[in-house]
Amino acid sequence: MLTPLAYGLAVVLDLLVVFIGLRFLFQPRPAAAAYGVPAAENGDAAYLTVKGLRDLVSGLLGLALLAFAGADAAAWFMLVIALTPLGDTLIVLRHGGTKAAAFGIHGATAVIVLVSAGLLFAL
């Protein structure tokens with residue numbers, strides 16, 4: 001019972017990060033608004049592309065670890081990658097985003113990623 005739940009949650013999280021990365025690559029300004037810090041219309045779009053690439057690669061790496069390296073490697077990945085949404089929480093707070101976006105989106109994501117790591121470690 002625990003194995004499908006652990007792998008299922010990890011796959012869903014990784015696919016969500018792939019989706020977010022693709023959205024930042026193809027719809028950068030709406031993605032930035034959903035992130036919690038809207039991008040300036042005349043701002044440098046390169047930074048939005050960097051975020052998209054970072055997320056796309058992170059999600060694909062998580063999926064590759066699940067498929068080819070197993071639960072232990074994926075658990076360590078999830079534990080370490082939880083730093084990304086924790087950092088995103090601070091970025092949103094520091095750059096004028098709302099506390100609701102910071103904690104409701106990014107803080108909650110960090111907690112769910114840590115739960116995923118715990119489930120994978122339990123296998």
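Reader: Which residues of α4 meet which residues in α5?

Author: In this predicted model, Leu79, Val80 and Ile81 of α4 meet Leu83, Thr84 and Pro85 of α5, where contact means heavy atoms within 4.5 Å. Local features need pLDDT of at least 70, side-chain atom pairs count only at pLDDT 80 or more, and totals for chains, interfaces and linings use all residues. Residues are numbered from 1 along each chain as its sequence is written, and side-chain values use heavy atoms, with hydrogens and water left out.

Reader: What makes α4 roughly parallel to α5?

Author: The axes of α4 (residues 71-81) and α5 (residues 83-94) come within 5 Å and cross at roughly 10°. Angles under 35 degrees count as roughly parallel, so α4 is roughly parallel to α5.

Reader: Which residues form the nonpolar patch on the surface?

Author: Trp76, Leu79, Val80, Leu83, Leu86, Leu114 and Phe121 form the patch, with about 670 Å² of accessible area together (Shrake-Rupley method, 1.4 Å probe). Patch residues have over 30% relative accessible area and no salt bridge, and nonpolar side chains are joined within 5 Å. The largest share, three residues, comes from α4.

Reader: Why does the salt bridge of Glu41 and Arg29 tie together parts that are twelve residues apart in sequence?

Author: The N to O distance between the side chains of Glu41 and Arg29 is 3.9 Å. The definition asks for a Lys or Arg side-chain nitrogen within 4 Å of a carboxyl oxygen of Asp or Glu. Glu41 lies in the loop between α2 (28-35) and α3 (46-68) and Arg29 in helix α2, so the pair ties together parts twelve residues apart in sequence.

Technical notes: Axes fitted to C-alpha atoms, helices over the stretch in contact; angles between N-to-C directions. Helix = DSSP H or I, 4+ residues; strand = E, 2+ residues; numbered from the N terminus. Parallel < 35°, antiparallel > 145°, perpendicular 65-115°, else oblique. Patch = residues over 30% accessible without salt bridge, like charges linked within 9 Å, V, L, I, M, F, W, Y side chains within 5 Å.
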